[in-house]
Amino acid sequence: MDLPPRVAEWRERGADQEFRGRRIFVTEQDGGGPLLVFLHGFPSSSFDWRQLLELQGERAVLAADFLGFGLSEKPRDHEYTLHWQADMVEELVRRRGASEVFLIAHDMGTSVATELMARDIDGSLDMEIAGALLLNGSMIQDAASPTVGQRLLRSAVGPLLSRLSSERFFRQQFGSIFSPEHPLTKEEAEDQWALVCADGGRTIAHKTIRYMEERFRHAERWHGALREWPKPLSLAWGMLDPVATERVLEAVIELRPAAPVTRFEDLGHYPQVEDPRRVSDVLTGVSRA
């Protein structure tokens, strides 16, 4: 399918890189400060960060589409794991030669971030993380409330649902996690659906959503990272999120009681899309501290 103009423009801003024989779409920007590394969520892509990147001005930036998402390759024969995605992030940062990075993560990306934090703790990480800002993400998976679509994708009918999924169903499910005051727009829905469908991605959602099982399997390691990582960690949360609810936030705070928290009382699951300027203000404050 043809990409909508906004997505086509985003594609022109980035470029493909290769990692372990797979094509990865990467957007980069030179600038000052620690390298801002943006980690997106499911089922979207680095496109989510586009407005936030603009608001960061002359900051150094790295934003990639995880394998299986957005404009990156979407192989059907791949076993999708968050450890693979974390390896990819490490390598992309290494290629930049950045002396220090600051992580900004959302949704699925928060678990990639906690794996990187765990590697930092055990001394196996090949980069220096200055700090991290985590947005709405079900890092404590058993406290979350997945959508109907997510539950179906994880069930026995997941492969069938992937093949039969429609734009109408996507718009309904995706739109349900935005806030009433900042609803999913027609244009945003069109762009996001095009990115899901690019390179046949619509038919592999039952594979890419397996990260939820990983959150249970690696809970001890990743919850331990939230609790024990010695670097500055901040949280920013849309409080009207029906998936990564206040219950999830409170579970994260229980592990990390000293973490600074910004609560967006009127925003939903995608704060960076719903009100990027407010998220940018938080990011500027914590990443320059």
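Helices here are DSSP runs of H or I with at least four residues, strands are runs of E with at least two, and both are numbered from the N terminus.

I noted that the model is predicted, so local features need pLDDT of at least 70 and side-chain atom pairs count only at pLDDT 80 or more, while totals for chains, interfaces and linings use all residues. Residues are numbered from 1 along each chain as its sequence is written, and side-chain values use heavy atoms, with hydrogens and water left out.

**Helix α8**

I checked the length of α8 (residues 186–197): its 12 residues at 1.5 Å each should span 16 Å, and the end C-alpha atoms are 17 Å apart, which agrees. The expected span is 1.5 Å times one less than the number of residues.

I then looked up burial (buried is under 20% relative accessible area, exposed over 50%, partly exposed in between; 1.4 Å probe, protein chains only). In α8, 9 of the 12 residues are buried, so the helix is largely enclosed by the rest of the structure. Among the buried ones are Glu188, Asp191, Gln192 and Trp193. The buried residues of α8 pack against α1 (5–13), α2 (50–55), α7 (167–175) and α13 (271–274); contact means heavy atoms within 4.5 Å.

**Cores**

I took a nonpolar core as a set of buried Ala, Val, Leu, Ile, Met, Phe, Trp, Tyr and Cys residues joined through side-chain atoms within 4.5 Å. The largest has 61 residues, of which Ile24, Val37, Leu39, Met88, Val89 and Leu116 touch the most other members. Helix α3 (residues 82–96) gives the most to this core, with 7 residues. Apart from it I found another core, of 24 residues, including Trp49 and Val279.

**Val89 and Leu116**

I located Val89 in helix α3; Val89 is buried, with a relative accessible area of 4%. Leaving out residues up to four places away in sequence, Val89 touches Val37, Leu39, Phe66, Val112, Leu116 and Met127. Val89 and Leu39 are 50 residues apart along the chain, yet their C-alpha atoms are separated by 8.7 Å. With neighbours within four places set aside, the contacts of Leu116 include Leu39, Val89, Glu90 and Ile129.

**Whole chain**

I read off 14 helices and 8 strands. Buried residues make up 62% of the 289 in the chain. Among contacts between residues at least 6 apart in sequence, 80% join residues at least 24 apart. The C-alpha trace spans about 45 × 40 × 35 Å along its principal axes.
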